[in-house]
Amino acid sequence: MGATTAMTALEAEVAALIVGALQLEVQPEEIDPDAPLFGEGLGLDSIDALEMALAISRKYGFQLRSDDERNGRIFASLRSLSAHIEKNRAG
């Protein structure tokens, strides 16, 4: 499938954060912004979600709560996660 959609600057930044925090063996630019982060997309799991939430909290200054019913949508793809960060980040 490949990254057919161009990434925004924030999506590229978040992709780099995810790759670094999770020590993934892909390059940030190889992540399709619309592909699922979990399951058949990047193949992440719930432990990865916790690691991502912690890294996002440190970098962007807001908490992603594990009991948020929107997490399925927030973590659906790089694009949806980046949009959530854009709306909620401090400063």
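User: Before we start, what counts as buried, exposed or partly exposed here?
Analyst: Buried is under 20% relative accessible area, exposed is over 50%, and partly exposed sits in between. Keep in mind that this is a predicted model.

User: Which side chain does Arg65 meet in a salt bridge?
Analyst: That's Asp67, at 2.9 Å from N to O. Asp67 counts as exposed too, at 53% relative accessibility.

User: And what about Asp68, who's the partner there?
Analyst: Asp68 pairs with Arg70 in a salt bridge, 2.7 Å from N to O. Asp68 is buried at 18%, whereas Arg70 is partly exposed at 35%.

User: How many salt bridges does the whole structure have?
Analyst: The search finds five. Among them is Arg89 with Glu86, at 3.3 Å, and there's a network that links Glu11, Asp34 and Arg79.

User: Switching to helix 2: how far does it reach from first C-alpha to last?
Analyst: Helix 2 covers residues 46-60 and reaches 21 Å, close to the 21 Å expected for its 15 residues.

User: What's at its ends?
Analyst: Asp45 caps the N-terminal end, with a side-chain oxygen 3.1 Å from the backbone nitrogen of Ile47. After the helix comes Gly61, with a positive phi near 75°.

User: Which residues of helix 2 are buried, and what covers them?
Analyst: The buried ones include Met52, Ile56 and Tyr60. Their cover includes helix 1 (9-22) and helix 4 (78-88).

Definitions and conventions:
Residues are numbered from 1 along each chain as its sequence is written. This is a predicted model: local features need pLDDT of at least 70, side-chain atom pairs count only at pLDDT 80 or more; totals for chains, interfaces and linings use all residues. Side-chain values use heavy atoms; hydrogens and water are left out. Helices (H or I, at least four residues) and strands (E, at least two) are DSSP runs, numbered from the N terminus. The expected span of a helix is 1.5 Å times one less than its number of residues. Buried means under 20% relative accessible area, exposed over 50%, partly exposed in between (1.4 Å probe, protein chains only). Contact means heavy atoms within 4.5 Å. A polar contact is a pair of N or O atoms within 3.5 Å; within protein, one must be able to donate a hydrogen and the other to accept it, and residues adjacent in sequence count only if both atoms are side-chain atoms. A salt bridge is a side-chain nitrogen of Lys or Arg within 4 Å of a carboxyl oxygen of Asp or Glu.
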